Amino acid sequence: MGDSNPKISVIMPSYNGAKFIKQTLESVVNQSFEDIEIICVDAGSTDGTLDILKDYSTDSLVKILNSDVKSYGHQINMGIDNANGEYIGIVETDGCIHEKMYETLYGMTKKGQADIAKVNFYHYYDSQENPKFYISEIKKNVPTNEFFTVYDDADILKGHPSIWAAIYKKSFLTENNIKFMEAPGWIDTPFLFETALLAKSIVYNHKPFYFYRELNHDSSTKNIKDLTLAMEMLNNTFDVMDNHSCNDEDILEMLYIHVFWHIRNILKSDNFDEQKDHVLKSFQNVLKRMDKEIVDDRFNKSTQKIYYKYCSPVNLIEFDNSLNLSYDDLIAIKNENEFLNSQIIDLKSDNKKLKSNNKSLKNKNKKLKSKNSKLKKSLKNIKQSRSYKLGNSFASPVRKLKKIKHNHNKSKRLKILFLPSDNNRTSGAFLSMTSLIVHLKEKYPVDVFVVVPMKGHGVDVLKSFGIDYKLIVSKDWVVPMDIEKDSDYYESIDKKREINKKAVKDIRKFIRDNNIDIVHLNTTWTYVGAIAGLEENVPVVWHLREFLEEGQNLTIWDRPKGNALINKSDKVITVSDILYKKYENIIDDDKLISIHDGIDAERFYNPTKTIFNDEKIKFILVGGFEYHKGQIEFIKACAKLYFSGFHNFEVSFVGTGNKEVKKIVESLVAYYDLDNVSFLGYKKDVENCFAESDISFTCGSIESFGRTTVEAMLCGNLVIGADSAGTKELIDDGVTGMLYKQGDADDLYEKMIFAVNNLDKSKQMAQNGRKFMYENMTSEINADKVYEVYEKILKK
């Protein structure tokens, strides 16, 4: 140490860091790599920091510089200007480093060939009772000990900038005039991007050597005084990109990840409400610099939601409007008249409701009489149709499957325990489970019990069918894929596991007390029943009904272990072939089976219905408002149909869900002045909504099955669906319905135009769809297939 031309100059900016600076200095002074100098730049500390530094400077180990400016960036720049080393390292005075960090880093440069050498780091949660270390895994795909550039692998920009877990060639910094910004707030991200953009050779090592002390894991943005500082830093980073003419989409994606991470944290801040106006403006200033196509192509729906919400709802309008306003005009209108527009939306909504109510009142008696007559006639026809068609033309597979029950030993009633992951009367998974239970009880000698994991209104549905249930509180094991795995995350997982341990114990007791024969888990979200069943040596059936990762940005908190647990089941049922494909290389072949869900034909099957009987064609979209459910692209297509000159249609939305998505749809309805759109909310009798409609739409991007698609087709509606996930399995395009390119409002508009201009063809597709669903997708057929699974398991 102390060489006039050392290999590495370590810069340590300090200000009132007496609590940890001695530990930090010890870790730097005791490096195995001795050819370094240590330059501490103090900004006028008053807590004894300077005295500690002076103790270390007596033997020339530490050089002390005094800064008149309390600025992290100024202090580091000052240190670099006074550095003699070939490389520059930075150590913050509340962190500490492994004794071999600089030996490793310099060795990675291969005698000075790299502009930047970087290593991984620990998140260090310092606690006397329980200190914790978590390794950052976010750069796990970056190559190790190989020279590359950011254009080769932009993942080096992921996650925390961690500028202190690196060394930078001084000549590289000076020749490119790279300096830290001397502004308040975060300045490491602009430095990270500028050095990465200009470096001709970067080398990285996955092994952690730096201990990044998390003094307060809530402090990043939660209690900061000025929440706009992070956005200013990001604006500075965009300036860096512009200054170096960087339009590389991979690199831009990394910057956007930083932006969305900061926005999410700011929204959770305790100070957000009091700074809201300034913060939202700062959001917009940053988000408007993004490339919308990159956001749409590379980010999930939850992230796109942030972009659209805080950039401008006007970005949702993608086709020309009758006023021919420019984008800038629309933005100006939005910014200058936000309050007024919200009032107009409310007034128009109220006006539409009044018009609708008035019309309903005028025709109420007429409709009720007509409906009563139709229902009586329909009921008569259904009875006649079933007695005739089931015995003759259909040659229904239902009858064949019914024979299974006669082979069952009637002296032994099978006891099944179902475990849903929610308690929600609007949940498709919960309703599918209930329908399955009802038909199992009707057809087979079974006793069914349900253990619900939380309080809710789903049990009202169970009560209505006389299904026994019990509340045993448990937690799911599903988390967002992009969640930050900090101490809060691990604490929440630990709490869930503790709750679930008790749940497993209680479920095991329930299994013993009720002599349960089979445990049936209803979704991917819950796992406690599987553990309880396996520990009690009771067969386990696991129903997988959702994708999670694909489109929902969700996953199991430990996916490999989760998959292993699912694979311990006796049988794993997927509700669609596409979901089967997801798991076919994960679950054993002899365990995995695809069984489409079934829909209650007694409720939905309407064999005599014909469509297009009223003056106006009636569109309907049933489902909770969510970004991945496609209501936004649907209303865009409806608006385009209206502006094309076709006004002879009405639109109904059925469902509740995400209020933000609903607000966007309502805003677009008001913007286009569409007076033919109704929001009906939650409807218990959704079959009547289908019965009064002509064309149903399923626009979701990640439908693992497509419950509403089958319901609508059984009712006799023409269904136009997205060509994605489970929906495309249910619709034979041009035969039993129509498919459009998911996410493409223009293509959906084209399908609408075809349907309303070719009524006979549309009627035929609706009839074909109804026949296909009745022969293949009823709850009765589903119950038969599931019961067959039970019998095979018990025979083993």
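The model is a predicted one. Strand β2, residues 36-42, is mostly covered, with 7 of its 7 residues buried, and it pairs in the parallel sense with β1 and with β3. Helix α15, residues 428-443, is also mostly covered. The structure holds 3 cavities of 30 Å³ or more, and the largest cavity has a volume of about 80 Å³.

- Strand β1, residues 8-14, pairs with β2 in the parallel sense over 7 bridges. Within this pairing, I39 in β2 is the bridge partner of I11.
- Between β1 and β2 the chain passes through helix α1, residues 18-29, and this β-α-β crossover is right-handed.
- Strand β3, residues 62-66, pairs with β2 in the parallel sense over 5 bridges. Here V41 stands opposite L65 in β3.

**Helix α15**

- The 16 residues of α15 should span 22 Å at 1.5 Å a residue, and the end C-alpha atoms of the helix are 23 Å apart, which agrees with that expectation.
- Of the 16 residues in α15, 12 are buried.
- An α-helix has 3.6 residues a turn, so residues three or four places apart point the same way.

**The largest cavity**

- The residues that line the largest cavity are I116, K118, I156, L157, A166, Y168, L192, T195, A196 and I202.
- The elements that give two or more residues to this lining are β6 (116-125), β8 (166-169) and α6 (188-198).
- Helix α6 provides the largest share of the lining, with 3 residues.
- By class, the lining has 8 nonpolar, 1 polar and 1 charged residues.

Methods. Residues numbered from 1 in each chain as written. Predicted model: local features only at pLDDT ≥ 70, side-chain atom pairs only at ≥ 80, totals over all residues. Heavy atoms only, no water. Buried < 20%, exposed > 50% of the residue type's maximum accessible area, 1.4 Å probe, protein only. Helix = DSSP H or I, 4+ residues; strand = E, 2+ residues; numbered from the N terminus. Pairing = 2+ DSSP bridges. Right-handed = clockwise from strand over helix to strand, strands pointing away. Expected span 1.5 Å × (residues − 1). 1 Å grid on protein atoms, 1.4 Å probe; cavity = no way out; pocket = protein on both sides within 12 Å on 5 of 7 lines; lining within 4 Å. Points joined across faces, edges and corners; volume = space filled by probe spheres on them. Nonpolar A, V, L, I, M, F, W, Y, C, P; charged D, E, K, R; others polar.
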